[in-house]
Amino acid sequence: RTVYVNGDYLPENEAKISIFDRAFLMGDGVYEVTSVLGGKLIDFEGHNRRLKRSLDELDMPHPAVLDDLLDIHRELVRVNEIEDGLVYLQITRGAPGDRDFAYPDPDTPPTVVLFTQSKPGLADNPVAKKGIKIITVEDLRWGRRDIKTTQLLYPSMGKMMAKKAGCDDAWMVQDGFVTEGTSNNAYIVKDGKIITRALSNDILHGITRAAVLRFAEEAQMQVEERNFSVEEAKDADEAFVTSASAFVMPVVEIDGVALGDGTPGAVATRLREIYIEESR
Ligand code: PDD
């Protein structure tokens with residue numbers, strides 16, 4: 001696989017990053033994941049806008065390479081022959097040459113890394129036909145979840161707690177209300193109404209979320225952006241999650257409680273179809 005590191009396209013085993021890199025030592029980096037369907041990038045502009053916002057919120061300078069990111073994405077998709085899959089992008093505050101809690105001089109060159117992952121048949125993921133089972137866990141992350149940082153240890157722990165419980169993923173809960181999934185936004189459906197937490201610093205402002213809510217409204221579905229509790233979720237008719245890598249993924253069980261008849265719901269299934277159709 002060919003990867004991109006600080007201006008160079010290299011075979012992955014020749015790519016090198018400093019041991020003093022701020023993301024390695026401090027989790028001081030931001031990232032984006034953009035899906036590729038049929039060789040085409042999905043929502044590149046949305047991901048690019050959110051990337052700039054993440055950089056701004058962390059006072060990270062905008063590297064000149066920001067202007068070339070679309071070309072770099074396309075080049076990696078081309079050389080790695082990605083039909084379906086994703087492009088991962090990470091920008092860190094660079095490698096100042098020592099460990100220090102204070103940010104380095106703003107002139108320190110950032111580290112910019114991109115690589116692809118191939119996922120053949122992404123749109124026909126058989127998991128979407130069965131749906132996923134989730135558990136709920138307390139949301140123990142920091143208070144700026146709207147910034148897409150590389151500090152992903154707690155979401156990773158949540159995913160492992162789910163696996164240990166024989167489930168696929170975890171929804172995180174704060175004061176009794178669901179914030180989001182470990183790496184996706186969370187939704188329930190009750191009496192035909194789609195309910196999802198409103199945007200704030202508590203959740204990532206999902207690019208897929210924005211697209212799916214737009215498609216839902218275009219399809220005359222009702223959408224309500226508000227908090228929902230774990231109890232309300234267990235009592236819902238259906239549920240689903242959205243992310244760049246999962247698209248729309250039905251949830252069929254929450255903490256051992258089956259939703260509806262325990263199969264993917266009609267709203268989630270329809271939204272998945274629309275999302276894939278519109279993204280091709
Ligand atoms: N995760 N919430 C969290 C905590 C996420 O990590 C993600 C994305 C989302 C959905 O955002 P979007 O629709 O823009 O992908 C919500 C990516 C896919 C990841 O970490 O791999």
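Before going on I noted the ground rules. The model is a predicted one, in which local features need pLDDT of at least 70 and side-chain atom pairs count only at pLDDT 80 or more, while totals for chains, interfaces and linings use all residues. Residues are numbered from 1 along each chain as its sequence is written.

**Entry: positive phi values**

I placed F247 in strand β14 (residues 247-254), taking helices (H or I, at least four residues) and strands (E, at least two) as DSSP runs numbered from the N terminus. F247 is not a glycine, and yet I read a positive phi of about 60° for it. Most residues other than glycine have a negative phi. I then turned to D255, which sits in the loop between β14 and β15 (257-258) and has a positive phi near 50°, again in a residue other than glycine. D255 counts as partly exposed, with 14 C-beta neighbours inside 10 Å.

**Entry: domains**

I found the protein divided into domain 1 (2-119) and domain 2 (127-279), with bounds that come from an automatic or database domain assignment. Their C-alpha centres lie 26 Å apart. The contact between them takes 20 residues from domain 1 and 12 residues from domain 2, two residues being in contact if their C-beta atoms, placed from the backbone, lie within 7 Å. On the domain 1 side, β3, α2 and β5 each supply at least two residues, and β3 gives the most, with eight residues. I sorted the residues of that side into eight nonpolar, eight polar and four charged, with Ala, Val, Leu, Ile, Met, Phe, Trp, Tyr, Cys and Pro counted as nonpolar, Asp, Glu, Lys and Arg as charged, and the others, Gly among them, as polar.

**Entry: the six-stranded sheet**

I traced an open sheet of six strands in the order β2-β1-β6-β5-β3-β4, with antiparallel pairing; two strands pair if DSSP finds at least two bridges between them. β2 (8-11) and β4 (40-41) stand at the edges with a single partner strand each, so one side of each is left without a neighbour in the sheet. Helix α2 (residues 44-57) packs on the sheet and touches β3 (29-37), β4 and β5, its direction making about 175° with that of β3, where axes are lines fitted to C-alpha atoms, for helices over the stretch in contact, and angles run from 0 to 180 degrees between N-to-C directions.

Within the sheet I followed β5 (residues 85-92), which is joined to β6 (residues 111-118) by eight bridges, and there L86 has Q117 as its bridge partner. β6 also pairs with β1 over two bridges, in the antiparallel sense, and V5 stands opposite V113. β1 (residues 2-5) is joined to β2 by four bridges, with T2 opposite P11; in the hairpin of these two strands, which has two residues between them, N6 takes a positive phi near 45°.

**Entry: Y31**

I found Y31 in strand β3, partly exposed, with 19 other C-beta atoms within 10 Å. Leaving aside its neighbours within four places in sequence, Y31 is in contact with Y88, L89, Q90, K148 and T150.

**Entry: β10 and its partners**

Five of the six residues of β10 (residues 185-190) are buried, so the strand is largely enclosed by the rest of the structure. I counted five bridges from β10 to β13, running antiparallel, and four from β10 to β11 (residues 193-196), again antiparallel. I188 has A239 as its bridge partner in β13 and I195 as its partner in β11. The β10 and β11 hairpin has two residues between its strands, and D191 in the turn has a positive phi of about 50°.

**Entry: the ligand shell**

Which residues come nearest to the ligand? Of the 14 residues around the ligand, I noted L204, G206, I207, T208 and A244, a residue being near a molecule or strand if its C-beta atom, placed from the backbone, lies within 6 Å of it. α6 (207-218) and β13 (238-243) each supply at least two residues of the shell, the largest share, three residues, coming from α6. The shell divides into four nonpolar, eight polar and two charged residues.

Definitions and conventions: A residue is buried if 20 or more other C-beta atoms lie within 10 Å of its own, exposed if 12 or fewer, and partly exposed in between; C-beta atoms are placed from the backbone.
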